[in-house]
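Me: Please take a close look at one part of this model. Set it in its surroundings, then cover the rest of the assembly.

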4 protein chains.
Amino acid sequence: MRSKNDPRSRRRSPTFIEEARRRQIVASAITTIAGSGLAQSSLARIADEVGISKSVISYHFAGKDELIAEVITSLLSESNRVIKSWVDRAPDPTAKLRAYIEGSFAFMIEHRANFVALVDIWGSFGTVEAKRAFNAAAYEPCRRHIESILRKGQDTGEFRQFDRRTLSAVIQGAIDGVMLQWVFEERAVDLADCMAELISMVTMATRTFE
Amino acid sequence: MRSKNDPRSRRRSPTFIEEARRRQIVASAITTIAGSGLAQSSLARIADEVGISKSVISYHFAGKDELIAEVITSLLSESNRVIKSWVDRAPDPTAKLRAYIEGSFAFMIEHRANFVALVDIWGSFGTVEAKRAFNAAAYEPCRRHIESILRKGQDTGEFRQFDRRTLSAVIQGAIDGVMLQWVFEERAVDLADCMAELISMVTMATRTFE
Amino acid sequence: MRSKNDPRSRRRSPTFIEEARRRQIVASAITTIAGSGLAQSSLARIADEVGISKSVISYHFAGKDELIAEVITSLLSESNRVIKSWVDRAPDPTAKLRAYIEGSFAFMIEHRANFVALVDIWGSFGTVEAKRAFNAAAYEPCRRHIESILRKGQDTGEFRQFDRRTLSAVIQGAIDGVMLQWVFEERAVDLADCMAELISMVTMATRTFE
Amino acid sequence: MRSKNDPRSRRRSPTFIEEARRRQIVASAITTIAGSGLAQSSLARIADEVGISKSVISYHFAGKDELIAEVITSLLSESNRVIKSWVDRAPDPTAKLRAYIEGSFAFMIEHRANFVALVDIWGSFGTVEAKRAFNAAAYEPCRRHIESILRKGQDTGEFRQFDRRTLSAVIQGAIDGVMLQWVFEERAVDLADCMAELISMVTMATRTFE
DNA sequence: CATGAATGAGCCTTCATTCAT
DNA sequence: CATGAATGAAGGCTCATTCAT
């Protein structure tokens, strides 16, 4: 019975301390998953990492699924926020497109564990629905973001005409694909070089030919 | 206790029937993983899929790890083989580079389940060593393959000078990144369009400017 | 993953209730082993005997090995404690030696199940190391105890000169060997008679000849 | 259906080759059990030791139980045969009693593996019936043998009057108990010294006082 | 006679979850 | 808010045994 004592059903806004606990647990979950893999990250281990009892997690989250869901949300939103701030600071579409890529790589470098965890988690969706939901939450917004930049560029005439959706998918794909190789072996790829190369390719792909 | 009584340790070449069983089990494992996720693919479920007893898997494989390892090998080698055949049939570096991309996408389309399974599996490496090993088995050979094509192109003067390793990583990354989006939601991206766009970008990125 | 969430790794002294559970489980394990043999004493059966879920054992013990180890410790220490108390109450070496034997047999009679279980367990050490460890834990202390009594007797001149280590091994061996026959068939030997005979033999073997 | 093709139900006396196989398997079982413990001695392992297929054992023995039963029989009969030959060669009761002990220890030293295996197996009888059967097969004959020697000695007046059954149990017990310590740790006891001490004790216990 | 193949029962263990305190 | 205790479901694995060849 969900009562006043169950934080998961409270009408009141969550206590400050409650929010803090949730964030603390989510953060520890990310660390644990990045360090040992999702399969090895039992609630007990995550709780250990925080130094709390296993039951505390059950108290603050409806279950493991909810915790992982919040981990994903945290992973994605943090990244999106940073990238958006890079893009917003750029003056024009050309710069914004460049900023999108730069922001993406910059965030990667600063938060390696996030991506190691993400790669582990994103493979764990058993059902088609879960996969679809992840696409809707993770990829669709990213592609839309890139598309909006591309549209502006086409509107201003900086970019030539091309299918925005397709190019968005390829750009985002290249970023993710390079990230993936870097997750598996940090020294396998040089992120800075790849970023520069990708920017160069994208620049050529979008510019108007004279 | 690998011995005469253990089919997994035979010195001589495996029986025909045994090889068939192993392939059958691996194939079923791929289907199951693609359909329900690695975490839900217990040996019992995989065995059910084949219509055999759970023990049969234990009889032919040392354990789940060995089975999954063989699944990975199967997934990667089949893909590499097909791509290689596309590349080998192409007459010159420019065509080969194009063929690498075309072959990659063609294989994807023909074997969606393989990639759905692969994305699930590749996130399941808990340790740094396992991740590193996957990189060595999966990515390094691909990048090397692309690099060798690029080198030939530079040697013949068809391609301009650029860092081959970096470009290889970006090309392979773009292929994988697009594939990833398609794995999560089949209709989110149009593989044919993405392939064409990627080929166009790569063509521009490699060609000599006059 | 021994941690805060694992009762088996607590830094502080174990809860009263926890200690009680452990003792209860150990006691049940002894009963089960004595009744059905070690090989038939699965955790499930032992748990049934206590009337608890199988998982409770896993919760309180790291595994079956730890449980069996504690069973052994319990078996040996209880016996040693009782024998020691008999010996300590005896006034002189001659009486002490007699008390050692009497205490041993008295404890046997009172705790038949312990010895039935012990005989089953002591054969279960597969490796040389495990056997050696059992010797160190079970036999060496007993022989040492007897040796110390013998030494005192020699010091006081009550006993003649002989090799203490050898006689200790033979005395302990005779006690165990008679116990063994009694474990296999309770009515095959009369413990009281055997005890008397053994005491008589030992008395003759140690006494000074005039 | 037990037919002519089933060696376990054949009326004809077993083939020579069949007997050889059985003995070979039994011998390997002893080695395996002595080396790794009964629990680790699966039919597969034993078969490996012989270099045959697991099914061969099933073919020659009704099951694992029958194999172990034959192992026990082999272990006991071999020992008894040797001891008997020592005793038979001795001229009088005093010498025979001494020979019984000497033969026992001599056989131990020559066949350590047999006893390591025996100690492992004798603990594996789960039911009271099995224990009782082992007593009847293993101990009762030994005690009877000693008793018969003792009786002869009393008849001839070499030995004083005492309860033969009790002394038999103690003598056999001492032999087994020393053996037990030696099984767990070969260097814990000196068999020769123990044998000498035991002979001395038994001599004193039986001789007529003047 | 021998063997490869298959099977099902049972075992130990892990883990998310529930509940009383 | 937090925790210790308990639970049941599920998983991977071992093994004696059966059967067709």
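Reply: D:Glu49 counts as partly exposed because its relative accessible area is 44%; buried means under 20%, exposed over 50%, and partly exposed in between (1.4 Å probe, protein chains only). This is a predicted model, where local features need pLDDT of at least 70, side-chain atom pairs count only at pLDDT 80 or more, and totals for chains, interfaces and linings use all residues. Residues are numbered from 1 along each chain as its sequence is written, chains are lettered from A and ligands numbered from 1 in the order in which they are written, and side-chain values use heavy atoms, with hydrogens and water left out.

D:Glu49 sits in helix 2 of chain D, residues 43-50 (helices are DSSP runs, H or I, of at least four residues, and strands are E runs of at least two, numbered from the N terminus). Beyond its neighbours within four places in sequence, D:Glu49 contacts D:Ser28, D:Thr31 and D:Thr32 (contact: heavy atoms within 4.5 Å). D:Glu185 lies 136 residues from D:Glu49 in sequence and 25 Å away, C-alpha to C-alpha.

The largest nonpolar core has 136 residues (buried Ala, Val, Leu, Ile, Met, Phe, Trp, Tyr and Cys joined through side-chain atoms within 4.5 Å). Among those touching the most other members are A:Trp122 and B:Trp122. Partners of B:Trp122 outside four places in sequence include A:Val119, A:Trp122 and B:Phe134. Another core, of 134 residues, lies apart and includes C:Leu150 and C:Phe162.
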